[in-house]
Protein chains: 2
Amino acid sequence: MIRLAGIAVLLGAGLSLGAEPESPVPFPHGYREWAVVKGGLITPTHPAYKAEGGLHYIYGSKEAMEGYRSGKFPDGAVLVYELLETRESAGIVAEGPKRRVDVMTRDTRKYAATGGWGFERFWGGKESERATGGAAQTMCFTCHESQKARSFVFSSVRD
Amino acid sequence: MIRLAGIAVLLGAGLSLGAEPESPVPFPHGYREWAVVKGGLITPTHPAYKAEGGLHYIYGSKEAMEGYRSGKFPDGAVLVYELLETRESAGIVAEGPKRRVDVMTRDTRKYAATGGWGFERFWGGKESERATGGAAQTMCFTCHESQKARSFVFSSVRD
């Protein structure tokens, strides 16, 4: 009975998010060998410093880089936003440990309810540390939805 | 007579650098699709800020990434150090235009006199703007020579 109730709650949560039965977004193994779309630094004067501070890089899989060029991201395209702590010494801001790895995976069938993208966040860049589970779909999409005209992607490739 | 003298001067310069007949280092087309070895920011408090300030990235060709792993860089490996101006706004340090692109190309035959690496610098990241020509060989190698035990490479791959 308790077990059944638990299942009902999970199903209910899924339905309230408008989600399909959950399709976990795979960890993006090997992303550090992918092309970097761009990088940047968020410093202590930024209002979101506590959550977003540090060096970040956006990486694109081969399919994702095609998507930036054509404007249409094919299924299988993966984008990674990696946020690193920083270590500052003698005027050099260097890379520190990973704070988190955010992933967008293109699958128009599995993630139809969120623009064809599956979202996930991995704390510390660790495969075992899923931050959001199914909730990533709404948590991330709420903001990415504003970029509908750009296939829900904020970034663009550098000149 | 003047023309001959000019040639003699060029040959003399080549010999004084211990160089082979010059083998220009090719421009590293497509390097922005390569893996990033690491990145960082050099800020105004750094003593070499005027020359080195900005966001930098080190990129490695596929062969170069093998070299980082094995400790032996195969011929054809290419490393790129890209230095960008920065644009700062509301606490975000973003990428600006390219300041320069420095290249190391592995060819143990052509560049035997400088540890098997050919060096070049391209101002503004432009193929037409070679900074150093043949002089890059000594100009860059003077410093890289200190890393002989590490195949003359300063950087190492991130964890």
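**A tour from R158(A) to the two-fold axis**

Select R158(A) and Y59(B): their side chains make a polar contact at 2.6 Å, that is, a pair of N or O atoms within 3.5 Å, where within protein one must be able to donate a hydrogen and the other to accept it, and residues adjacent in sequence count only if both atoms are side-chain atoms. The model is predicted, with local features requiring pLDDT of at least 70 and side-chain atom pairs pLDDT 80 or more, while totals for chains, interfaces and linings use all residues. Residues are numbered from 1 along each chain as its sequence is written, chains are lettered from A and ligands numbered from 1 in the order in which they are written, and side-chain values use heavy atoms, without hydrogens and water.

Remain at R158(A), in the segment after α4 (136-144) of chain A. Helices (H or I, at least four residues) and strands (E, at least two) are DSSP runs, numbered from the N terminus. With a relative accessibility of 13%, R158(A) counts as buried; the term means under 20% relative accessible area, with exposed over 50% and partly exposed in between (1.4 Å probe, protein chains only).

Next, display the surroundings of R158(A). Leaving aside neighbours within four places in sequence, its contacts (heavy atoms within 4.5 Å) include V36(A), V37(A) and K38(A), and across in chain B R32(B), E82(B) and E95(B). A polar atom of the R158(A) side chain lies 3.4 Å from the backbone oxygen of V37(A). Select G39(A) as well: its C-alpha is 9.8 Å from that of R158(A), although 119 residues separate the two along the chain.

Around V80(B), leaving aside neighbours within four places in sequence, select P28(B), W34(B), I58(B) and V103(B), which are among its contacts.

Then colour β4 (residues 92-106) and β5 of chain B, which pair in the antiparallel sense over seven bridges; pairing requires at least two DSSP bridges. T105(B) stands opposite G118(B). Six of the seven residues of β5(B) (residues 117-123) are buried, so this strand is largely enclosed by the rest of the structure.

Finally, view both chains together.
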